[in-house]
Amino acid sequence: MTGKQYSYNNVDVLISAEDIRKKVLEVGAQISRDYEGKNVLIIAVLNGSFIFCADLVRSLDLECKVDFISVSSYIGTQTQGNVKVISGIKEDIIGKDVVIIEDIVDRGFTLDFLIKEISLKKPKSIKTCVFLDKKCAREKEVAVDYSCFEIGNDFVVGYGLDYNGFFRQLPYVGKIKE
C-alpha cells in the first residue's frame, strides 16, 4: 500500500467508536469484579494496545499499576511467528496478579510467548485481556480470559492498530479498502 492508499477515507468501519466504548466499559467492569480488593499489575503490549489499555484502565474500579512491554512479530500485514522483545517490563512481578493487555491475538504466538516470559518472573496469577480475537487464525492455543470482539481473518486498523505506523488514531476499527 503506497501513496493515496494511506487515505483515511479508504477505510471501511467494522466496529464503531460507540460499540468500542460500550464493550471496553463492560470488560473493565468484569475485570474490576474479578479483582475486587486486589492490587493488579496491568502489562500493556506496545505499540498496538496503548489506546485500548488507556481506555480500559480508566474504566477499572480497582487499584492497579501499569507497565509496558514492547514486542514485535509483524512486518507489514504479516506476522512472522518470531517474537522479539524490544523493551521489557520494569515492575517487579513476583507474587502479583498480572493482566496482559494485547490489541489483537491472531495466530497466538505473541501472546503465548508473553505468558511464558511473564510466568518465569513468578507472578501470583496471569490473565489476558485482548481487544480483538481472531480465533479463525489461531495456530497456537492460548488462554484469552477477557475479550472485547471476535473478528474474522481481515487485516484491521484503528483504535491503536496500525499498518506500518499509520491509522492508529482512528476512533474505530476498520478494514482498508483494496
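Asp106 counts as buried, at 10% relative accessibility; buried means under 20% relative accessible area, exposed over 50%, and partly exposed in between, with a 1.4 Å probe and protein chains only. Asp106 sits in the loop between β5 and α3. Its C-alpha atom is 9.0 Å from that of Lys140, 34 residues away along the chain. The model is predicted: local features need pLDDT of at least 70, side-chain atom pairs count only at pLDDT 80 or more, and totals for chains, interfaces and linings use all residues. Residues are numbered from 1 along each chain as its sequence is written, and side-chain values use heavy atoms, with hydrogens and water left out.

**Overall fold**

- The protein has three helices and nine strands. Both are DSSP runs numbered from the N terminus: helices are H or I with at least four residues, strands are E with at least two.
- Starting at the N terminus, the order of elements is β-α-β-α-β-β-β-α-β-β-β-β.
- The radius of gyration is 16 Å, close to the 16 Å that the globule rule gives for 178 residues, so the protein is as compact as a globular protein of that length. The radius is taken over C-alpha atoms, and the rule is 2.2 Å times the number of residues to the power 0.38.
- Along the principal axes, the C-alpha atoms fill a box of roughly 50 × 35 × 25 Å.
- Of contacts between residues at least 6 apart in sequence, 68% join residues at least 24 apart. Contact means heavy atoms within 4.5 Å.

**Surface and charge**

- Buried residues account for 46% of the 178 residues.
- The accessible surface is about 9100 Å², and carbon and sulfur atoms hold 49% of that area. Areas come from the Shrake-Rupley method with a 1.4 Å probe; for residues, only the protein chains shown count as cover.
- There are 24 positive and 26 negative charges, and their mean positions lie 2 Å apart. Lys and Arg count as positive, Asp and Glu as negative; His and the chain ends are not counted. Each charge is placed at NZ of Lys, CZ of Arg, CG of Asp or CD of Glu.

**Cysteines**

- The structure holds zero disulfides. A disulfide is a pair of cysteine sulfur atoms within 2.5 Å.
- Cys129 is in no disulfide, and its nearest cysteine sulfur, in Cys148, is 5.6 Å away. Cys129 is buried, with a relative accessible area of 0%.
- For Cys64, the closest cysteine sulfur is that of Cys53, at 8.2 Å, too far for a bond. Cys64 is partly exposed, at 26% relative accessibility.

**Helix α2**

- Val57 lies in helix α2. It is partly exposed, with a relative accessible area of 22%.
- Not counting residues up to four places away in sequence, Val57 touches Ile42, Cys64 and Val66.
- The C-alpha atoms of Val57 and Ser32 are 9.9 Å apart, across 25 residues of chain.

- Val98 belongs to strand β5, residues 97–105. It is buried, at 0% relative accessibility.
- Beyond its neighbours within four places in sequence, Val98 contacts residues including Tyr35, Leu41, Ile43, Ile118 and Ile126. Val98 and Ile126 are 28 residues apart in sequence, yet 4.8 Å apart from C-alpha to C-alpha.
- Ser70 is in strand β3, residues 63–75. It is buried, at 12% relative accessibility.
- Leaving aside neighbours within four places in sequence, Ser70 is in contact with Leu46, Asn47, Lys84, Val85, Ile86 and Ser87.

**Backbone exceptions**

- Most residues other than glycine have a negative phi, and most peptide bonds are trans.
- Leu46 and Asn47 are joined by a cis peptide bond, with omega about 10 degrees. Asn47 is in the loop between β2 (39–46) and α2 (50–59).
- Lys122 is not a glycine, yet its phi is positive, near 60 degrees. Lys122 lies in the loop between α3 (109–119) and β6 (125–133). It is exposed, with a relative accessible area of 59%.
- Asn164, also not a glycine, has a positive phi of about 50 degrees. Asn164 lies in the loop between β8 (156–157) and β9 (173–176). It is partly exposed, at 44% relative accessibility.
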